[in-house]
Amino acid sequence: MSFNVTLTIVMLTAGLFGFATWRARQPVDPLKVRLFKINYHVVQIFCIVALMYLIVHHMAFFGVQPSQQAGRPF
């Protein structure tokens with residue numbers, strides 16, 4: 001993926017994480033009929049995992065290899 005595509009996906013994922021956070025903090029209305037019951041905390045976890053992967057992918061654009069060890073090897 002190119003840098004711009006990756007940056008766009010990062011922004012969309014961050015926006016989805018913000019929306020899921022906002023919806024998870026709202027009080028539950030048990031009388032409201034819903035077609036799908038979505039657990040927004042699970043959506044937040046998936047967004048965090050995707051963001052971590054995309055940040056590592058972004059670091060590859062700047063020449064940082066994920067296999068490089070920092071510090072002294074054991």
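Thr-13 counts as buried because its relative accessibility is 11% (buried means under 20% relative accessible area, exposed over 50%, partly exposed in between, with a 1.4 Å probe and protein chains only). This is a predicted model: local features need pLDDT of at least 70, side-chain atom pairs count only at pLDDT 80 or more, and totals for chains, interfaces and linings use all residues. Residues are numbered from 1 along each chain as its sequence is written, and side-chain values use heavy atoms, with hydrogens and water left out.

Thr-13 sits in helix H1 (helices are DSSP runs of H or I, at least four residues, numbered from the N terminus). Leaving aside residues up to four places away in sequence, Thr-13 touches Cys-47, Ala-50, Leu-51 and Leu-54 (contact means heavy atoms within 4.5 Å).

Now to helix H2. The 22 residues of H2 (residues 40-61) should span 32 Å at 1.5 Å a residue, and the end C-alpha atoms are 31 Å apart, which agrees (the expected span is 1.5 Å times one less than the number of residues). Buried in H2 are Tyr-40, Gln-44, Cys-47, Leu-51, Leu-54 and His-58. Seen down the axis, these buried residues fall within an arc of 95°, so they line one face of H2 (the arc is that of the directions from the helix axis to the C-beta atoms). They pack against helix H1 (3-24). On the other side of H2, Ile-45, Phe-46, Val-49, Met-52 and Tyr-53 are exposed.

Two polar contacts follow (pairs of N or O atoms within 3.5 Å).

| Side chain | Backbone atom | Distance |
|---|---|---|
| Thr-13, polar atom | Ile-9, oxygen | 2.7 Å |
| Asn-39, oxygen | His-41, nitrogen | 3.3 Å |

Asn-39 caps the N-terminal end of H2. Just after H2, Gly-63 takes a positive phi of about 95°.

Notes:
Helix = DSSP H or I, 4+ residues; strand = E, 2+ residues; numbered from the N terminus. Polar contact = N/O pair within 3.5 Å; in protein donor to acceptor, adjacent residues only side chain to side chain.
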